[in-house]
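Work through the exercises below with the sequence and the model open. Each task is followed by a solution in steps.

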Amino acid sequence: MPKPLVMDRTTAFFKKHLETMPPKKRLEYLNQKLRGTIQYAYKNSVAFKKTMDSVGLKPKDIQTTKDLEKIPMTEKADLMELQKKNLPFGGFEGVPLQKLRRIYVSPGPLYEPGEADYDELGWVQGMVAGGFRPGDIVINTYSYHMVPFALQMIDNSLHRIGCVTIPAGTGNTEQQVNILRKFRATGYCGTPSFLLNIAEKAEEMGLDLRKDLNLKVGCVATEMLPESLRSKLEQKFEMVIRQGYGTADIGCLGYECLEKNGMHVPDDKIVEIVDPSTGKQVGPGKAGEIVATTFNKVYPLIRFGTGDLSILTETACPCGRTSPRLVKILGRVDQATKVRGLFIHPGQADEVASKHPQISRVRVVVTRKEHKDEMTFQVELKEEVSQPEKLKSEIEQSIRDVMKLRGGVQFVLKGAIPEGANKIEDQRTWE
Ligand SMILES: [Zn+2]
C-alpha cells in the first residue's frame, strides 16, 4: 500500500504569471491572443471564414475582445446542422483531418476534432487551484468512451500536474470503493452525485470514510453542485471539493479556487456575457448568456453560445488570481425571458425562494393583460403559515429587490407545481 504523502494544499498556481496578470496587462494579452486566433481561424477554418464573410468582416476588423460583438454567434444547433452538410466537422476544424490525434463523438451526434498539439489550460488550472498536487493518486470516474472530457480534458490535465491517474470510468461503485481503499487514493474526479454513491456504498460495506479511505481533494463538474451536497461530502470524507464549468465542445470556462467565490475564467479562453437576443455584451454584474472563444487552433470555436446563463464579476479575489469570475450558473437561455423589457432568469426565482425558508417550490408565470406584462410567483409552502398576508408582502418585496420588477404572489396547493417544471413559464400570447 502506498505511503501517504503530506502535501501543502494551500494556494498554488499552475501558470502564475498568467493567473496573476494585472487587469490591463490581461486585456492586452487576451487581445493579442484573439488577433492571432482570428487570423488563423479565418485562414484555416472554412466555417469560420463563412461566418465572417456573411457579415462582411475581415480579420483586421477584430482587434479587441469588444470587437467580438461584430461576429455572429455559433450555437450547438448550428454545429450539428453544418456537420450534416459538411462531414465530419462542418468545416470548423482548423487542421487537416489526417493531422488529428483523435476524433471524438458526443451525443447528438456531434463529431469533434481532437487535439494535435493543443493542451487545454482551464482544467489543469482548476485542479491546481482546488488543491491537486504532484503525487496525488486520482480516480477519474468520467466515461472515457467516445467523448473528450475524461481523456482529453481531465486525464491529460492530471498528467500535466504530475498526478497518478486511475482511469476508472463510470459505474461499478463497489469496485471503485475497493480501488480507492487499496491505493489510498487522494483525489476524485467525477460528478458530485457519483461521489455520494461512493460514500453510501462504502458505508454500506462497513467502511469508515475518513480512516479506511483517504480522499483529500475532489474536482467535480457536469452537474449542478448544491452547497448542501458539497458540505455534506466535504464533511463525510474530510476533503475539499471544488467545481469547474465548461462544455464538451470548448472545454473549461470557469473553475473555483479555494476562496469558493465564483469560477475563474481560464487564461486560454475569452468569456463574454451577452444579451441572448442581440448578442451584445452586457458588462460585469449583469446576467446573460455565456459565449466563449477558445485559442485552440485544432478546433477554433469563436463566439460559441453555450445556452447557459451567468453573471461575470471583475472584483478582486483574495487568492491572487486576476481573471474575471462567473458568479454561478443561473439556468438555461431557453428558460429566460423578458418582462416589461427586463431580462428575467430562473436563478432569480431561486434567489427569491432562498430568502424565505417557508417556501418549498416556486414557479414564475408571465402573462399579458391589456397589453401589459404581468408576473406572478406561484408559491408552494412547506406547511401552512399563521400570517399568509404578511409572508405574501415580504415575498413581493424580495421580488422587487432581486428582479427590479413588481410581481404578485399566489399561494398554490402542494403538488400544484409539477416536479421538474420550468422555473419560468411564459404564457403570453401575441396576436
Ligand atoms: Zn480566486
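Contact here means heavy atoms within 4.5 Å. The model is predicted, so local features need pLDDT of at least 70, side-chain atom pairs count only at pLDDT 80 or more, and totals for chains, interfaces and linings use all residues. Residues are numbered from 1 along each chain as its sequence is written, and side-chain values use heavy atoms, leaving out hydrogens and water. Helices (H or I, at least four residues) and strands (E, at least two) are DSSP runs, numbered from the N terminus.

**Exercise 1.** State which residues of α8 and α9 meet, and sort them by class.

Step 1. On the α8 side are Pro192, Leu195, Leu196, Ile198, Ala199 and Glu203; on the α9 side are Leu229, Lys232, Leu233, Lys236 and Phe237.

Step 2. Ala, Val, Leu, Ile, Met, Phe, Trp, Tyr, Cys and Pro count as nonpolar, Asp, Glu, Lys and Arg as charged, and the others, Gly among them, as polar.

Step 3. The contact of α8 with α9 therefore has eight nonpolar, no polar and three charged residues.

**Exercise 2.** Describe how α7 packs against α8.

Step 1. Axes are lines fitted to C-alpha atoms, for helices over the stretch in contact, and angles run from 0 to 180 degrees between N-to-C directions.

Step 2. Helix α7 (residues 173-182) and helix α8 (residues 192-204) have axes 9 Å apart, at an angle of about 80°.

Step 3. That makes α7 roughly perpendicular to α8 (angles under 35 degrees count as roughly parallel, over 145 as roughly antiparallel, 65 to 115 as roughly perpendicular and the rest as oblique).

Step 4. The residues in contact include Val177 and Leu180 of α7 and Phe194 and Ile198 of α8.

Step 5. By class, this contact has five nonpolar, three polar and two charged residues.
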